[in-house]
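This briefing concerns aromatic ring pairs and the sheet and helix around them. Please keep the sequence and the structure in view while reading.

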Amino acid sequence: MEDCLFCNIIAGKIPSEKVYEDDLCYAFRDISPLAPTHFLVVPKAHLASAAEVTEENAAVVGHIFAVIAKLAKDMGFADGFRVVTNCGELAGQTVHHLHFHVLSGRQLGSFN
């Protein structure tokens, strides 16, 4: 999608600090980190949010979680991290391309 921020980052039209890339997903550091380790993992195929995940495209989400687990081990924070996705404006989603925030490196508060 031409006007999608994350599609343009994936295409290299907007610079990013790449963490990981393969055929299905792209990971890059958040420009406003909320933890010492904070990066996003996005599918290369445009999906607006988790609300667009179907049986036909769900495998990419499983792949992204496998990539997150590998990166956590490789980067040394497998003992504690958070994965967050916001779905829709009411949940705080500001870029309408499915993305997963990965945060670690400090004590993260609980959701009660």
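In this predicted model, ring pairs join Phe-6, Tyr-26 and Phe-28 into a cluster. Across the whole structure, a search finds 5 aromatic pairs.

**Aromatic pairs**

- The ring centres of Phe-65 and Phe-100 lie 5.3 Å apart with their planes at 75°, so this pair is edge-to-face.
- Phe-65 belongs to helix H2 (residues 59-75) and Phe-100 to strand S5 (residues 100-104), so their pair ties together parts that are 35 residues apart in sequence.
- Phe-65 is partly exposed, at 39% relative accessible area, whereas Phe-100 is buried, at 6%.
- Phe-77 and Phe-81 also form an edge-to-face pair, because their planes stand at 80°, with ring centres 5.6 Å apart.
- Phe-77 is buried, with 5% relative accessibility, while Phe-81 is partly exposed, with a relative accessible area of 32%.

**The sheet**

- The order S1-S2-S3-S5-S4 describes an open sheet of 5 strands with antiparallel pairing.
- Strand S1 (18-21) and strand S4 (82-84) are the edge strands, each of which pairs on one side only.
- On average, and with direction ignored, neighbouring strands of this sheet are turned by 20° against each other.
- Strand S2 (residues 25-29) and strand S3 (residues 37-43) run antiparallel and are joined by 5 bridges.
- Phe-28, a member of the aromatic cluster, stands opposite Leu-40 in S3.

**The helix on the sheet**

- Helix H2 lies across S1, S2, S3, S4 and S5.
- The direction of H2 is at about 155° to S3.

Conventions
Residues numbered from 1 in each chain as written. Predicted model: local features only at pLDDT ≥ 70, side-chain atom pairs only at ≥ 80, totals over all residues. Heavy atoms only, no water. Phe/Tyr/Trp six-rings, centres within 6.5 Å; stacked < 30°, edge-to-face > 60°. Helix = DSSP H or I, 4+ residues; strand = E, 2+ residues; numbered from the N terminus. Buried < 20%, exposed > 50% of the residue type's maximum accessible area, 1.4 Å probe, protein only. Pairing = 2+ DSSP bridges. Axes fitted to C-alpha atoms, helices over the stretch in contact; angles between N-to-C directions. Contact = heavy atoms within 4.5 Å.
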